[in-house]
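Good morning, and thank you for coming.

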There are 2 protein chains.
Amino acid sequence: MAVGKKNYQNTILDIAEALKLSPATISRALNNHPYVKEKTRNDVVEMAAKLGYRRNLMASGLRSNRTHTIGLIIPRVSMFFHAEVITTIQNDLHKHGYSLIICQSNDSVSMERELAETLYSSRVDALIAACTLQTVDFSHFDKFVEHGNPVIFYDRVPVEDYKATLIKGDDFKGAYLATSHLIAAGCKRIAHISGPLTSNLYQDRAAGFLKAMEEHQLPVNPDWVFHQELTQGNALFAMQKMFTTGAGPDGLFADNDTSAIAAIEYAKEKGIIVPDALKVAGYSNDPRTAIITPAITSVEQFPSLVGRRIVETVVELLSNDAEGPTYKIEPVMIPVELIVRKSTSTN
Amino acid sequence: MAVGKKNYQNTILDIAEALKLSPATISRALNNHPYVKEKTRNDVVEMAAKLGYRRNLMASGLRSNRTHTIGLIIPRVSMFFHAEVITTIQNDLHKHGYSLIICQSNDSVSMERELAETLYSSRVDALIAACTLQTVDFSHFDKFVEHGNPVIFYDRVPVEDYKATLIKGDDFKGAYLATSHLIAAGCKRIAHISGPLTSNLYQDRAAGFLKAMEEHQLPVNPDWVFHQELTQGNALFAMQKMFTTGAGPDGLFADNDTSAIAAIEYAKEKGIIVPDALKVAGYSNDPRTAIITPAITSVEQFPSLVGRRIVETVVELLSNDAEGPTYKIEPVMIPVELIVRKSTSTN
DNA sequence: CTTATTTATGCAAACGTTTTCAGATGATTA
DNA sequence: TAATCATCTGAAAACGTTTGCATAAATAAG
């Protein structure tokens, strides 16, 4: 049940001693400093490998003020969109020699604050954040900005001006496309299950929805517009509310796929035929939308493109070694695309 | 487009100066050292808050040889099982004051090696790893073991003896339960879509499958046992192979849900009625199994329990500050449970 | 052949903590 | 009152790198 702990360290000094060189030269050799003889460099690299040397990032970070580590704060890793984004971010960052510390806020603002503090303690070179839906105060990110560390917001971004880079999907357009599509498919009485308006995401989607309705002079029934946390339970509740009193809607635009799926399941149970009696469109193109019967029309957000853009931005901002800008003024926009499936078909 | 970079640091020395104390006292106050006066401690904490001080983890880690950071290597974050495990690990570790560095190997052995090196460079206090299916050589983890850092393997674990802690699901039982259930539901000709036998996971599941078949004296058709990467494409290919020549199987046990889902979709397309003509069971209880029609019987692996056990183990091993054991000899077993759904129903 | 320049190395001081050791203060006991 | 002990604090040395400055060796220019 027990085993002893060896504690030998292979440091730069061990290599120096073995080669009768100074630690400074070893450091330079390993960092590809130009002023080090070819042969010396080879010797050093060889000896390092032989001794199993691995740079101590704490020592090097402490001295050089760069950790080659990026922090990431997200609401949950398990959401499809975020999982995809993370994957791309991590892979791409790795190519550039950066590590990633991933933290989940569980959609709690206080946790988000704590995590920001922790990541600051780790002195990450930059911070990537998809904030909580409730985050309206962004002061916990100030320290990074003041310290000159790039901060990149994506998905859920601050509305006010902030010295950070924004990377956002075209939520207005996504909602507009989905709603217009429902209208084109013949829907006249369209409901909207929206997220809370504290987040820019849902503000934009609500605007896109309204714009499409307005353009086709369709009335918006206020009893059919829900601003709520986008959970399965809430969606079922909304469906119940709409379908137990009088004629329900003939079209539904849901701000996420979990809600759309719940709606479909409610409809199935109540014998409401989708898409004949009710057409449904969701958001995010979660893989589940393709599997359920009927498959659900949804808005693709290109998560891996989001991830790629994020890394591009981070790397660019960090390469401005000394005195470059620490953020981009113009937000980076990611396109959206409507993926049409059975749930909105007309025959 | 540009913004200047401020570079003030709030260090322990700033607090010391402001309070006319020595840095040593500040450090002790912040670390709850017993020998520091109540009032002093309060003053320090207050001033630290006022100055927005945050401990520099690199400096502290360098000195104290503890980073309070744990490394995690997994094949992919986007797989449901892993996403759940991660979530729990991260949340629970955070409660104990540890951060988590998550790395994806993308199921590539060479990437896994690289990541292990990187995490060693970061001098994480412990390493948690779910290895690649192809990982048979575990030497890249040796450094951690030699250095006295706990290594915890889960899901995919080394078969040979290794000075690390193993946390594994009861794969044998899971496969046995699923197969027995198919047999009880009347299946006589059962196929098995298995993963590659390089991994203990699939060895155990294969054994469980065979055991159940044997117990009921059912013959195993070698043409209906596939050892392959568990992708959608491979599963479709397997289905095609089984159903284009002669009478296909009347039962299928798939080692993951992606394969089970692909099988259902193949069956739907070819007009093979599930569960009447073919019963299907999967593994992992992916949320998609509950949504697809028919819903799929699958083996629940309790990912969040896995995560909880992992953290318990890590914390315990790390609390043996100086000279405790660095691993547990007995593997920690996580139970499984068969979740029965429509895809195996008898009427 | 000297002098300037480039290339290659070493010395030593940082980086911000923690921790050992010793010293100071105050309380308690002989 | 002196001696003992527990409680507090400070000085200084680490931890393993990187890097500015100085110097040495090799090369180029005058």
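UniProt positions are given in the numbering used here, with feature names shortened, and annotations may be inferred rather than shown by experiment. This is a predicted model: local features need pLDDT of at least 70, side-chain atom pairs count only at pLDDT 80 or more, and totals for chains, interfaces and linings use all residues. Residues are numbered from 1 along each chain as its sequence is written, while chains are lettered from A and ligands numbered from 1 in the order in which they are written.

An unreviewed UniProt entry places "domain: HTH lacI-type" at residues 11-64 of chain A. That span is 70% helix and 0% strand, where helices (H or I, at least four residues) and strands (E, at least two) are DSSP runs, numbered from the N terminus.

Let me turn to the DNA. At least two residues each are supplied by α2 (23-30) and α4 (57-64) of chain A, and by α1 (12-19), α2 (23-30) and α4 (57-64) of chain B.

Next, the protein interface. In chain A, 54 residues are in contact with 54 residues of chain B, contact meaning C-beta atoms, placed from the backbone, within 7 Å. The largest share of chain A's side, six residues, comes from α5(A). Of the interface residues of chain A, 100% are also interface residues in chain B, so the copies meet through the same surface.

Note on methods:
Two residues are in contact if their C-beta atoms, placed from the backbone, lie within 7 Å.
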